Amino acid sequence: MISIESKEMFETVKNKESVIFLFSADWCPDCRVIEPFLPDLEKKYDKYKFYYVDRDEFIDICVELDIFGIPSFLAFEKGEELGRFVSKDRKTQEQIEDFIESL
């Protein structure tokens with residue numbers, strides 16, 4: 001998974017690609033639970049590029065997009081929001097796959 005390095009990078013990939021952003025943080029235990037199966041999701045749903053957004057580093061992006069719980073997922077295609085799976089609750093692989101399938 002590619003890490004977002006700047007707000008400019010976030011805006012560029014959001015507007016040019018089919019992407020799914022994972023909003024997370026190193027200290028988040030629920031985020032660590034989903035890490036083992038993220039590579040499988042990236043392979044299975046290769047229509048999308050997956051990007052990691054550090055919630056603490058990019059809190060301004062989170063505020064702009066109303067993302068207050070992590071882990072959360074936000075999907076865009078060429079700047080258009082396709083869907084969001086945003087909450088503070090722990091997420092299962094099945095729930096995340098259901099979200100991606102619904103896009």
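Buried here means under 20% relative accessible area and exposed means over 50%, with partly exposed in between, as found with a 1.4 Å probe on protein chains only. The model is a predicted one, in which local features need pLDDT of at least 70 and side-chain atom pairs count only at pLDDT 80 or more, while totals for chains, interfaces and linings use all residues. Residues are numbered from 1 along each chain as its sequence is written, and side-chain values use heavy atoms, with hydrogens and water left out.

Helices (H or I, at least four residues) and strands (E, at least two) are DSSP runs numbered from the N terminus. In helix H5, which spans residues 93-101, the buried residues are Ile96, Glu97, Phe99 and Ile100. They lie on the same side of H5, because they cover an arc of only 155 degrees around the axis, the arc being that of the directions from the helix axis to the C-beta atoms. Exposed residues Glu94 and Glu101 are carried on the face of H5 turned away from its buried side. The cover over the buried residues of H5 includes helix H2 (29-34) and helix H3 (38-44), together with strands E2 (18-24), E3 (49-54), E4 (72-77) and E5 (80-85).

Two of these strands, E4 and E5, run antiparallel and are joined by 5 bridges; strands pair if DSSP finds at least two bridges between them. Ala75 has Gly83 in E5 as its bridge partner. The hairpin formed by E4 and E5 has 2 residues between the strands, and Lys78 in the turn has a positive phi of about 50 degrees.

Lys78 also meets Lys14, a residue of helix H1 (residues 7-16). Leaving aside residues up to four places away in sequence, Lys14 touches Val19, Phe21, Phe76, Lys78 and Gly79, where contact means heavy atoms within 4.5 Å. Lys14 counts as buried, at 13% relative accessibility.

| Pair | Kind of distance | Value |
|---|---|---|
| Lys14 and Lys78 | C-alpha to C-alpha | 6.2 Å |
| Lys14 and Glu11 | side-chain polar contact | 3.2 Å |

A polar contact is a pair of N or O atoms within 3.5 Å; within protein, one must be able to donate a hydrogen and the other to accept it, and residues adjacent in sequence count only if both atoms are side-chain atoms.

A search of the whole structure finds 1 disulfide, defined as a pair of cysteine sulfur atoms within 2.5 Å. Cys28 and Cys31 form this disulfide with their sulfur atoms 2.4 Å apart, and both cysteines are buried. The disulfide is right-handed, because the torsion about the S-S bond of Cys28 and Cys31 is about 80 degrees. The sulfur of Cys62 is too far for a bond, since the closest cysteine sulfur, in Cys31, is 11 Å away.
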